[in-house]
Amino acid sequence: MSTQALHDHLKTGQTHVCQCWAITRKDGMTYGFTDHDNALTFEGITFQADSGMSAKALAASTGLSVNNTEALGLLQSNALDEADIVAGRFDNAQVTTWLVQWDEVANRQVRFKGTIGEITRRAGQFEAELRGQTDALNQPQGRSYLRSCSAVLGDDRCAVNLASATFRHSTSIISVTDSRTFVVSAGSYDDKWFEQGKLTVNSGSASGLTGAVKHDVRTGSHRRVTLWHPIRAEIISGDAVQLDAGCDKRAATCRVKFGNLVNFQGFPDMPGEDWMVSVPRSFDDSDGGSLVR
């Protein structure tokens with residue numbers, strides 16, 4: 001890739017340039033588009049022409065404010081599938097845009113890198129907000145002084161191995177009540193074992209989609225799992241799913257359910273608000289101990 005050659009070409013005043021952009025979903029699927037009238041290929045990606053895609057001008061900024069732009073397009077079967085957009089497969093997908101000399105694609109420059117934010121649809125078209133890389137910096141940093149754990153179950157700070165059969169149940173859908181409620185085999189897990197955990201679909205139309213578990217009720221050899229939000233693709237009986245155990249962030253749960261109190265990332269013994277208003281009392285022993293009884 002030669003940025004300098006592209007700059008030299010632009011200085012001539014008679015330019016042969018176009019925009020190309022690639023979208024890479026979390027499942028690894030990559031789509032390429034260009035506003036040139038012929039398809040272009042580089043970096044192992046074929047950028048489709050006449051795809052109905054277009055992009056607005058980039059709005060670059062300094063500091064930590066978000067660089068942003070928009071991508072517009074038609075919901076064409078040969079470009080982006082409306083069902084995939086509805087299902088959320090393009091949520092937080094990686095986006096890269098280039099300025100390219102179309103008769104010498106080696107002469108190009110990256111103009112934008114970021115992720116897809118909010119997607120809106122209307123009248124057979126979609127509009128996607130693109131968020132720049134500085135968007136990730138607009139997040140809270142550091143730890144909070146709380147009784148509950150601040151780690152995410154299974155991350156480096158937590159260190160629980162969610163791949164263990166103790167905390168992961170691989171099964172299939174027995175019946176579907178609606179897009180939020182499913183019946184699966186109970187396995188050897190206790191009632192509510194997967195509450196506040198995660199369901200992942202591993203086959204069928206919804207393969208790769210996930211949902212957070214709200215309720216997990218065991219009844220005999222079955223368990224009824226209800227999600228906080230519906231899976232936005234069709235799920236049918238027989239589809240393979242995976243359930244990961246849930247954690248309510250309490251120290252007692254970390255100790256009893258996961259045997260992981262040594263890695264607990266909260267402060268369970270911090271004094272409460274009652275300690276702030278406690279005062280010595282004449283009828284109590286003044287032994288220098290805690291005022292909270």
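This report describes the fold, strand pairing, aromatic contacts and cysteines of a predicted model.

## Basis and overall composition

Residues are numbered from 1 along each chain as its sequence is written, and side-chain values use heavy atoms, with hydrogens and water left out. In this predicted model, local features need pLDDT of at least 70 and side-chain atom pairs count only at pLDDT 80 or more, whereas totals for chains, interfaces and linings use all residues.

The protein chain has four helices and 15 strands; helices (H or I, at least four residues) and strands (E, at least two) are DSSP runs, numbered from the N terminus. Of the 293 residues in the protein chain, 35% are buried. Buried means under 20% relative accessible area, exposed over 50%, and partly exposed in between, with a 1.4 Å probe and protein chains only. Among the contacts in the protein chain with a separation of 6 or more, 58% involve residues 24 or more positions apart, where contact means heavy atoms within 4.5 Å.

## The six-stranded barrel

Six strands form a closed barrel in the order E10-E11-E14-E13-E12-E15, with antiparallel pairing. Neighbouring strands of this sheet are turned by 45° against each other on average, direction ignored; the axes are lines fitted to C-alpha atoms, for helices over the stretch in contact, and angles run from 0 to 180 degrees between N-to-C directions. Two strands pair if DSSP finds at least two bridges between them. Strands of a sheet pair through backbone hydrogen bonds, either parallel or antiparallel.

| Strands | Sense | Bridges |
|---|---|---|
| E10 (residues 168-176) and E11 (residues 181-185) | antiparallel | three |
| E11 and E14 (residues 222-227) | antiparallel | five |
| E13 (residues 210-219) and E14 | antiparallel | six |

Serine 175 stands opposite valine 183 in E11, and serine 185 has histidine 222 in E14 as its bridge partner. Arginine 218 stands opposite arginine 223 in E14. E13 and E14 form a hairpin with two residues between them, and glycine 220 in the turn has a positive phi of about 65°.

Threonine 181 belongs to strand E11. With a relative accessible area of 9%, threonine 181 is buried. Neighbours within four places in sequence aside, threonine 181 is in contact with Val176, Arg224, Val225 and Thr226.

## Strand E1 and valine 17

Valine 17 lies in strand E1 (residues 17-24) and counts as partly exposed, at 28% relative accessibility. Valine 17 and leucine 99 are 82 residues apart in sequence, yet their C-alpha atoms are 6.7 Å apart in space. Not counting residues up to four places away in sequence, valine 17 touches Leu6, His9, Leu10, Leu99, Val100, Gln101 and Trp102.

## Aromatic pairs and charges over rings

A pair of aromatic rings is described by the distance of the centres and the angle of the planes. Rings of Phe, Tyr and Trp (its six-membered ring) pair if their centres lie within 6.5 Å; planes under 30 degrees apart count as stacked, over 60 as edge-to-face and the rest as tilted. The count by this rule comes to eight aromatic pairs.

In one of them, the rings of tyrosine 31 and phenylalanine 90 have centres 5.4 Å apart and planes at 50°, so the pair is tilted. This pair links distant parts of the chain: tyrosine 31 is in strand E2 (residues 30-34), and phenylalanine 90 is in the loop between helix H2 (82-87) and strand E7 (94-101), 59 residues apart. Tyrosine 31 is buried at 14% relative accessible area, and phenylalanine 90 is buried at 2%.

The rings of phenylalanine 42 and tryptophan 98 have centres 5.2 Å apart and planes at 85°, so this pair is edge-to-face. Phenylalanine 42 lies in strand E3 (residues 40-42) and tryptophan 98 in strand E7, so the pair ties together parts 56 residues apart in sequence. Phenylalanine 42 is buried at 5% relative accessibility, and tryptophan 98 is buried at 4%. Phe42, Phe47 and Trp98 form one aromatic cluster.

Charges also sit over rings, meaning that NZ of Lys or CZ of Arg is within 6 Å of the ring centre and within 35 degrees of the ring normal. Arginine 25 lies over the face of phenylalanine 90, at 5.1 Å from the ring centre. Lysine 257 lies over the face of tryptophan 193, at 4.6 Å from the ring centre.

## Cysteines

The structure holds zero disulfides, a disulfide being a pair of cysteine sulfur atoms within 2.5 Å. For cysteine 20, the nearest cysteine sulfur, that of cysteine 18, is 4.3 Å away. Cysteine 20 counts as buried, at 0% relative accessibility. For cysteine 158, the nearest cysteine sulfur, that of cysteine 149, is 6.4 Å away. Cysteine 158 is buried, with a relative accessible area of 8%.
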